[in-house]
Amino acid sequence: MLSTIGIPGLLLLLLLALLLFGPSKLPQLGRAVGMTLHEFRSSARHLTEDDEEKQDAGRRQEDH
């Protein structure tokens, strides 16, 4: 996803974020985005693991 933006696009996004939020809010914003992404990935991982476990349980019942 980020590979299609390129370096000029990233610099533009950084400049816009700096103008919108100011230098004092950027660390807080980055931390909040990082925590949100971590929580989203963790939840998605748990959902896929639960689905795989259900599929495995269904296959075991079919075998017996």
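**View 1. Leu18 in helix α1 of the predicted model.** Leu18 has a relative accessibility of 37% and therefore counts as partly exposed, since that class lies between the under 20% of buried residues and the over 50% of exposed ones. The residue sits in helix α1. On the surface, Leu18 belongs to a nonpolar patch that also includes Ile5, Leu10, Leu12, Leu13, Leu15, Leu16 and Leu19. Together, the residues of this patch have about 730 Å² of accessible area.

**View 2. Leu14 in helix α1 and its distance to Leu26.** Leu14 is another residue placed in helix α1. Its relative accessible area is 53%, so Leu14 is exposed, the cut-off for that class being over 50%. Leu26 is twelve residues away from Leu14 along the chain. The C-alpha atoms of Leu14 and Leu26 are 9.6 Å apart.

**View 3. Helix α1 and the glycine that follows.** Helix α1 covers residues 6-21, which makes 16 residues. From the first C-alpha of the helix to the last, the span is 22 Å. This is close to the expected 22 Å, at 1.5 Å a residue. Gly22 comes after α1 and has a positive phi, near 85°.

**View 4. A patch of negative charge around Glu52.** Glu52 is part of helix α2, which runs over residues 26-63. Glu52 counts as partly exposed because its relative accessibility is 48%, a value between the 20% and 50% limits.

**View 5. The protein chain as a whole.** Two helices and zero strands are found in the protein chain. Of its 64 residues, 5% are buried. The accessible surface of the chain comes to about 6,100 Å². Carbon and sulfur atoms account for 64% of that surface.

Methods:
Residues numbered from 1 in each chain as written. Predicted model: local features only at pLDDT ≥ 70, side-chain atom pairs only at ≥ 80, totals over all residues. Heavy atoms only, no water. Patch = residues over 30% accessible without salt bridge, like charges linked within 9 Å, V, L, I, M, F, W, Y side chains within 5 Å. Areas by Shrake-Rupley, 256 points an atom, 1.4 Å probe, with all protein chains shown as cover. Salt bridge = Lys/Arg side-chain N within 4 Å of Asp/Glu carboxyl O. Lys, Arg positive; Asp, Glu negative; His and termini not counted. Charge placed at Lys NZ, Arg CZ, Asp CG, Glu CD. Helix = DSSP H or I, 4+ residues; strand = E, 2+ residues; numbered from the N terminus. Buried < 20%, exposed > 50% of the residue type's maximum accessible area, 1.4 Å probe, protein only. Expected span 1.5 Å × (residues − 1).
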